[in-house]
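Reader: Hi, I'm new to this one and would like to go through it slowly. Could you put it up and start with a single residue?

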Amino acid sequence: PQPSAHILPSLSHVAAVPPESPFNHNLFLQQQIFADKSNRLLNLIQGTKGLLEEIRETNATKPWQTYYPGAASAASVATSASNVLRRSTTFHSDDDSDRAAPVPAQQRLQRSFTSTPGSPQYPHVSVETSGRLFELNVLKLDLKVGNYATGNDALLRGLERNAVAHLLDGRIQQSVKHLDNLYQRVSDKSSKVLITGDLNAGKSTLVNALLQRTILPVDQQPCTSLFCEVLDAQENEGQEAVHAIKNPLTYNREDPNTFTVVDMRHLEKFMNDVIDGYEDYTQLKVYCRDRRQVNDSLLHNGVVDIALIDSPGLNRDSVKTTALFARQQEIDVVVFVVSAENHFTLSGKEFLWNAANEKTHIFIVVNRFDSIRDKERCKRVILDQIKQLSAKTYEDADELVHFVAAGSCLPEIIQGGELPADFLRLEECLRSFVLEKRCKSKLAPAKVYLENVLSDVSILSESNRQMAAEELTNVRLELERGEPEYQETLVRREMVLEKVERLTEETCTLIDSMTREKLINSVDDIENAMSALVPWNGFLHIWQYSIDLRYVMADLFVDRLKSCESEAKDKTKTCLNDIHNLADEAAPASQSDALTLFTKTDPSRITTAKLKDELTLEFTDVFEVQDTLGMASVSLGAVTMFSSKAFGYKSLIHSLFDITNTVGVSNIRKWTVPVVTAAGLGLLVYIAADMKHALARKTARKLRTQIKDGSIVHTEAMRIAKDCRRVFKSNAWEIQNRFQREIEAHEKRREEQEKAAKDSEYAVVYFGKVFDKADELARWVAAVEVEVEERKVKA
């Protein structure tokens, strides 16, 4: 990244120091170096912020949500030993806490390139370690149950991935806000020094001693209940004043409506009123004059504007402790005051651990050291604790750790005398740390934070890349395994439906032919059964007899039709059972897949009415004249043929003439009438006697003609076959739906797998690029040297 001109820090404040003297010239060069490095860090802060915002946007708009390493089960993140992210240092806590120290920001991630099947080569992070998994620093999620943090990984694994991603997004958002504060802090030409520590550790006393003025109230009881920012009066047009502020965000020194002026002489009473709840303020701005020379003063140093911020004690209450933790993000230098009598408390350690995310060097003042009898042992114990809390501070303990008695350095106590040597050493080191080593005090925290957050981004991106690569491999394997099953389902469906169609056609053809045959053959059975079923009540009841014949014949035909229907249903059920057994073997049925049979209808009523209407009684039905005459003609013909054969035609004619001549014509005429009358009476008697049988034969003949020559057989056979086909079609549709559901399930699963593969492939590429960006930014951050500028200046 190249520095941008619009964010270069102003060097106008350096002009106040004449560069003629060697000391001032060194300060001027140091400020020039500081301006160059701060400009580079400002660009890197913006680049890191952009990278984090890109990750947040990806979480919100892309299907792959950034996965938190500790939230996965062992199986989902199992990787080879060479590809596991690990840390290079271990931390052994003291007896008061088992919390591990943050990973050193200077640790560099080594890249070993390996390939994932089907994807481009992207780096795996591999760091030689002492055996601990690489942990996050800035973006670490700490879940608590009640007031205790227990089983963090187990709690994370118990949450859904969306919930964990939401928590991680919140941490990233906090980091983005902190980067904004960091940007403002680095670009600000002034420096803010936070004086903090446990309750009643002597923070206000230290501020008064550094100013050599008793401005802030001190007492054996805690008396600082809000942040007191002490600034040089030059920032208030040279006027000393105390501004009590309720809302620091709206504070404007030139707008009296945003603050309340407090008399400096009554500051202690005002503090007590705040403690007692009579006043509701959150911050004080104390503008005062430092009467010492430029070379000795912190506030009026002629180089940069310094603000000393006295804070409420840790654990005074949860609200102010939380505010203190948040406030330290705006601070360039932390001066931590610890009581030599109490050492580091748990709250103090928690604060230092939190501050260590960006501040590797912390100025520590061990106050009330004069009350300790075994001073060497006290120094040894406190330095051991500092070693565990801040390794860099321990390395520079000679300049950063000071054992003093601030209460004995107040102006009213020394009364113009010399300050103790240990306190003079403290002032000299603090001034040097804030002014001469500004890159270390102001820029080093920014560099450390950038290194930590970029290291976390590298770990997150590599973890997500590995997880995406594993999911991509698993999804592709599932796709490969599922393809044969999908194709086999398609083949089974075609095979089963083809067999169902064949069985359906065979059964329907059989039912149709069976129905036609039985209905046609039913006429003979009906004619034979009628005489026993219909009683004859004589000639006078012939009309009723005809009606009964029609009803009985129609009912007998309908009974035979119902028999055909019943047999057709039985064959259909048998075929359906075979079809469903075949389908169940190929595609198991669900609970909703039931056997669909015939509906409860009785179309035979229509057939009965139709037959009764068509079998009408006619007058000729009671006479079989044609049959009788036919029989007589046949008989006469037979006699004639016999006579002609026996006597010959000529002999027969001669015989007839002889009989006529013998009998006489008159005698013949006399016998003709009786003979004819007797023949007619005989015919009538025959007709009357044969009327019952003639009517039955004529009705049966009509029924036979209607059945054989009409459309009843065809209609009924088609109807029964159609009903059977409808049942077959309904069941075939259910079987097809069963296969369709299975195929749609395969296709849906395949679609989801393809989408998951696409998302995983995108994540592999995306997080590989994120790792590269974070790695590049980290290299630029590492190139900004913040601890060697004074050696360069001296050289």
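Author: Let us start with Arg 492, which counts as buried at 14% relative accessibility; buried means under 20% relative accessible area, exposed over 50%, and partly exposed in between, with a 1.4 Å probe and protein chains only. This is a predicted model, in which local features need pLDDT of at least 70 and side-chain atom pairs count only at pLDDT 80 or more, while totals for chains, interfaces and linings use all residues. Residues are numbered from 1 along each chain as its sequence is written, and side-chain values use heavy atoms, with hydrogens and water left out.

Reader: OK, and which side chain does Arg 492 meet in a salt bridge?

Author: The partner is Glu 742, at 3.0 Å from N to O; a salt bridge here is a side-chain nitrogen of Lys or Arg within 4 Å of a carboxyl oxygen of Asp or Glu. This pair links distant parts of the chain, since Arg 492 sits in helix H13 and Glu 742 in helix H19, 250 residues apart. Helices (H or I, at least four residues) and strands (E, at least two) are DSSP runs, numbered from the N terminus.

Reader: Is Glu 742 buried or partly exposed?

Author: Glu 742 is partly exposed, with a relative accessible area of 23%.

Reader: How many salt bridges are there in the whole structure?

Author: A search of the whole structure finds 31. One of them joins Lys 442 to Asp 332, with the closest N and O atoms 2.9 Å apart.

Reader: And where do Lys 442 and Asp 332 lie?

Author: Lys 442 is in helix H13 (residues 438–533), whereas Asp 332 is in the loop between helix H6 (318–327) and strand S9 (333–339), so the pair ties together parts that are 110 residues apart in sequence. Lys 442 counts as buried at 1% relative accessibility, and Asp 332 is buried too, with a relative accessible area of 3%.

Reader: Switching topic, which residues gather in a patch of negative charge on the surface?

Author: They are Glu 744, Glu 747, Glu 751 and Glu 752. A patch is made of residues with over 30% relative accessible area and no salt bridge, like charges being joined within 9 Å and nonpolar side chains (Val, Leu, Ile, Met, Phe, Trp, Tyr) within 5 Å. Asp and Glu count as negative and Lys and Arg as positive, while His and the chain ends are not counted; the place of a charge is taken as NZ of Lys, CZ of Arg, CG of Asp or CD of Glu.

Reader: Where is Glu 747 in all that?

Author: Glu 747 belongs to helix H19 (residues 712–783), and is partly exposed with a relative accessible area of 35%.

Reader: Last one: what is Thr 205 in contact with?

Author: Leaving aside neighbours within four places in sequence, Thr 205 is in contact with Val 218, Ala 406, Gly 407 and Leu 410, where contact means heavy atoms within 4.5 Å. Thr 205 is in helix H4 (residues 203–211) and is buried, with a relative accessible area of 15%.

Definitions and conventions: Accessible areas come from the Shrake-Rupley method with a 1.4 Å probe; for residues, only the protein chains shown count as cover.
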